[in-house]
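Hello,

Here is the structure I promised to pass on. My notes on it follow below.

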Amino acid sequence: MMDMITNIKNNFKRGTIYIQLIYINVAVFLFTSLLSIFFRLFNRSFDPILGWFELPASVERFIHQPWSLITYMFMHANIFHVLFNMLWLYWFGSIFMNIFSSKHLRGIYILGGICGGLLYILSYNIFPYFANVVHLSVMVGASASILAIVAAAAYREPNYPIRLLFFGAIPLKYLAIVVVLSDLLLMTSGNAGGHIAHIGGALAGVGFAAGLNKGLDITAWINGTLDWFSSLFSKKQRADRKRAKMKVSKTSRDKDYDYNANKKAQSDEIDRILDKLKRSGYNSLTAEEKKSLFDASKK
């Protein structure tokens with residue numbers, strides 16, 4: 001357990017994206033949990049505020065909070081929910097990084113969550129089975145995003161060995177198939193929305209990996225948007241880089257000035273020695289002057 005914690009810390013320092021996502025998810029869970037406790041101390045409910053960041057199944061409600069299509073994938077219902085999802089993200093995030101890049105993981109995490117959320121809303125509003133609960137249902141959790149990561153890795157490297165307790169090493173494709181089949185069988189269970197979202201995430205992962213095999217990155221627009229958004233907050237960094245560049249340019253000019261000044265001084269010294277040589281002959285030169293003249297003759 002300590003080795004895992006050490007690896008997480010080291011990966012975070014190196015900027016490993018799936019570790020950063022774990023930190024974000026855990027931080028959001030702790031923050032919302034503390035706020036909920038704080039509200040209860042004053043006999044208030046935090047649920048109405050929390051509801052603005054949960055993904056509703058109702059289209060009417062979703063129209064008034066479209067940002068929830070993003071925020072829901074960073075929120076969790078309880079400690080076991082976030083613990084289970086973060087363990088999956090840690091295990092399969094590291095596998096994904098052996099196959100794809102960190103930007104791909106960032107993009108597929110968001111894309112998987114979006115596709116899972118949209119399939120959840122679509123299913124609850126199309127199928128009569130959910131008609132009685134559509135206005136009451138909400139969803140949180142990173143599982144759709146994580147299933148996208150699992151499915152993408154399984155599609156790209158189906159025989160990647162996965163070691164499971166009691167089962168030993170099995171190909172990744174079998175684990176992915178079992179997970180998807182279980183979601184299909186449980187689509188009418190108490191957590192129907194979660195299982196439907198898993199299917200959406202898995203489809204996003206397969207679509208991403210299949211597209212990448214053909215040279216098409218369907219996460220490019222997500223990463224482009226995130227890079228643009230982050231650039232809005234990096235004006236200070238750009239200013240610092242500009243100042244550093246100016247400082248380097250100034251230092252370079254100073255070095256050029258010093259070089260030219262030294263070169264001119266050496267030239268003047270050689271001219272002086274040559275004049276002395278003409279006037280008084282070679283024997284009048286000091287040992288240092290003879291050495292300077294000799295060195296100059298070799299250049």
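The protein chain has 13 helices and four strands. Please keep in mind that this is a predicted model. The chain runs to 299 residues, and 37% of them count as buried. Take the contacts between residues at least 6 apart in sequence: 65% of these join residues at least 24 apart.

H7 against H6

On the H6 side, the contact is made by Leu89, Gly93, Phe96 and Met97. On the H7 side, Ser102, His104, Leu105, Ile108 and Tyr109 make it. By class, the residues of this contact are six nonpolar, three polar and no charged.

The core

Which residues touch the most other members of the largest nonpolar core? They are Leu89 and Tyr109, in a core of 58 residues. Both of these residues also take part in the H6–H7 contact. H2 (17-41), H6, H7, H8 (143-156), H9 (172-185) and H10 (192-213) each supply at least two residues.

Tyr109 is worth a look on screen. Leaving out residues up to four places away in sequence, Tyr109 touches Leu21, Asn25, Met73, Phe74, Leu89, Ala142, Ser145 and Ile149.

H7 against H11

From H7, the residues involved are Lys103, His104, Arg106, Gly107, Ile110, Leu111 and Ile114. They meet Trp221, Ile222, Asn223, Leu226 and Asp227 of H11. This contact divides into six nonpolar, three polar and three charged residues. The H6 contact, to recall, has no charged residues.

Ile222 is found in H11. Is Ile222 buried or exposed? Its relative accessibility is 4%, so Ile222 counts as buried. Beyond its neighbours up to four places away in sequence, Ile222 touches Gly107, Ile110 and Leu111. Gly107 and Ile222 are 115 residues apart in sequence, yet their C-alpha atoms are 5.8 Å apart in space.

Thr219 sits in the loop between H10 and H11. Its relative accessible area is 0%, so Thr219 is buried. Neighbours within four places in sequence aside, Thr219 is in contact with His104, Gly107, Ile108, Leu111 and Phe208. Of these partners, Gly107 and Leu111 are also touched by Ile222.

One backbone point

Most residues other than glycine have a negative phi. Asn43 has a positive value, near 55°. Asn43 is found in the loop between H2 and H3 (47-50). With 73% relative accessibility, Asn43 counts as exposed. Thr219, also in a loop, is buried.

Best wishes

How values were computed: Residues are numbered from 1 along each chain as its sequence is written. This is a predicted model: local features need pLDDT of at least 70, side-chain atom pairs count only at pLDDT 80 or more; totals for chains, interfaces and linings use all residues. Side-chain values use heavy atoms; hydrogens and water are left out. Contact means heavy atoms within 4.5 Å. Ala, Val, Leu, Ile, Met, Phe, Trp, Tyr, Cys and Pro count as nonpolar, Asp, Glu, Lys and Arg as charged, and the others, Gly among them, as polar. A nonpolar core is a set of buried Ala, Val, Leu, Ile, Met, Phe, Trp, Tyr and Cys residues joined through side-chain atoms within 4.5 Å. Buried means under 20% relative accessible area, exposed over 50%, partly exposed in between (1.4 Å probe, protein chains only).
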